[in-house]
Amino acid sequence: MKAMGRYLPTPTLSLVLLVVWLLMVRSIAPGQLLLGAFLAVVIPLLTQNFRDPLPRVKHPLKLAWFVLVVLYDIVKANIHVSLLILLPKREPHPGFVEYPLEVTDRLTITLLANTITMTPGTVSTNVRLDGSSLLIHVLDMTDEQALIREIRERYERPLKEIFEC
């Protein structure tokens, strides 16, 4: 089993690479299966030094709850943005917010930035090189401090707890 881990360090990535290869060539001919399997083993081996080790999820139930909160916020933000577009009486107030980060782990910062970007009406545009803050563009900003508090409570703190950063 240990030898398999050495030659197949990321089995999920290898499986995804094989499936993507077969979908790209639109064939399950033996030669394509063999070439896809070869690439699925070799590519992760060649790129393993470029990947950061993934942190363990310490609280899977909190992760499930976090996903539900994000999905709810995406639906709510979609409705808000739709109303801004469909009701021309209300003018949006776009702006940029520099969000000070509490987390320092690169994966957690990336997850936070992606979560913010997935929510319609907000886009993470930049991470400071020192990892101290995110620059966020907001389509309709009414209260900058309230937005910072909401992001910290709904997204950043749960991510810190999930990965114990």
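**Sheet, helices and buried contacts in a predicted model**

Phe66 counts as buried because its relative accessibility is 8%, where buried denotes under 20% relative accessible area, exposed over 50%, and partly exposed the range in between (1.4 Å probe, protein chains only). The structure is a predicted model, in which local features need pLDDT of at least 70 and side-chain atom pairs count only at pLDDT 80 or more, while totals for chains, interfaces and linings use all residues. Residues are numbered from 1 along each chain as its sequence is written, and side-chain values use heavy atoms, with hydrogens and water left out.

The count of aromatic pairs comes to 1; rings of Phe, Tyr and Trp (its six-membered ring) pair if their centres lie within 6.5 Å, and planes under 30 degrees apart count as stacked, over 60 as edge-to-face and the rest as tilted. Phe66 and Tyr155 form this pair, which is edge-to-face, with 6.3 Å from centre to centre and 85 degrees between the planes. The pair links distant parts of the chain, since Phe66 belongs to helix α4 (residues 60–86) and Tyr155 to helix α6, 89 residues apart. Helices (H or I, at least four residues) and strands (E, at least two) are DSSP runs, numbered from the N terminus. Tyr155 also counts as buried, at 7% relative accessibility.

Thr119 lies in the loop between α5 and β2 and counts as buried, at 9% relative accessibility.

An open sheet is formed by 3 strands in the order β1-β3-β2, with antiparallel pairing. Two strands pair if DSSP finds at least two bridges between them. The edge strands, each pairing on one side only, are β1 (95–100) and β2 (122–127). Neighbouring strands of the sheet are turned by 30 degrees against each other on average, direction ignored. Between β1 and β3 there are 6 bridges, and Val97 stands opposite Ile136 in β3. Between β2 and β3 (residues 133–138) there are 5 bridges, and Thr122 stands opposite Val138 in β3.

In a regular strand the side chains alternate between the two faces of the sheet. In β1, the covered face holds Gly95, Val97 and Tyr99, and the uncovered face holds Phe96, Glu98 and Pro100. Helix α5 (residues 106–118) lies across β1, β2 and β3 and runs at about 150 degrees to β2. Helix α6 (residues 144–163) packs on the sheet, touching β1 and β3, and its direction makes about 50 degrees with that of β1. Axes are lines fitted to C-alpha atoms, for helices over the stretch in contact, and angles run from 0 to 180 degrees between N-to-C directions.

Helix α3 (residues 30–47) has 18 residues and reaches 26 Å from its first C-alpha to its last, close to the expected 26 Å; the expected span is 1.5 Å times one less than the number of residues. Gly36, Ala40 and Pro44 are buried in α3. Seen down the axis of α3, its buried residues fall within an arc of 45 degrees, so they line one face of the helix; the arc is that of the directions from the helix axis to the C-beta atoms. The cover of these buried residues includes α2 (11–25). On the other side of α3, Pro30, Leu34, Phe38 and Leu46 are exposed.

Key:
Contact = heavy atoms within 4.5 Å.
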